[in-house]
Amino acid sequence: MSRPAPRRETAQTTPGRFVVTGTVRVRESGRPLEGVAVRAFDKDRLRDDYLGRDTTDADGRYEIGFVAASFRALFELRPDLYLRIYDAAGRELAATKDRVRWNAGTVEEIDVEIPESRLG
C-alpha cells in the first residue's frame, strides 16, 4: 500500500518544522526500492545531529519531518542536510554526505539512486 504524496504545505505553514522527502531508486533501471530505511542528519563540525528516519514505500518514496530544535546550535538557523540509506539488515547502501544540502530550506527533496551492485 503506497502513501499519498507528501503534503508540502505542512512545513511551509508550521514555524520551526522542516521536511525532507524524495525517492530511492536503482540507478540502472530506475526501479523504486521499497522497504529501505532513510535516515536524515545535520552535518556539523564535531558531531552530526540525527534528525529522523522513514522507510520507503512501494514507490520508493520517503518523508522525514523534524523540528529546528533537532539541529540548532549557536547561530545555526537551517540544517546542513544529508541522508544515509540502509537495507533491512542494517547495511548502509548509500549516503549523500558528499552532497550536503547546505542551509536547507523548510522543504527539501532529495532523490537517491543506488547502484545495482550495492544491492544483494
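The largest nonpolar core has 23 residues, and Val24 and Ile85 have the most contacts inside it. By nonpolar core we mean buried Ala, Val, Leu, Ile, Met, Phe, Trp, Tyr and Cys residues joined through side-chain atoms within 4.5 Å. Buried is under 20% relative accessible area, exposed is over 50%, and partly exposed is in between (1.4 Å probe, protein chains only). This is a predicted model, where local features need pLDDT of at least 70 and side-chain atom pairs count only at pLDDT 80 or more, while totals for chains, interfaces and linings use all residues. Residues are numbered from 1 along each chain as its sequence is written, and side-chain values use heavy atoms, with hydrogens and water left out.

The term means a side-chain nitrogen of Lys or Arg within 4 Å of a carboxyl oxygen of Asp or Glu. Here are some of them:

| Pair | N to O distance |
|---|---|
| Asp48 and Lys97 | 3.4 Å |
| Glu92 and Arg84 | 3.7 Å |
| Arg91 and Asp87 | 3.3 Å |

How exposed are the partners? Asp87 is buried, at 19% relative accessible area, whereas Arg91 is partly exposed at 34%. Glu92 is partly exposed too, at 30%, and Arg84 counts as partly exposed at 24%.
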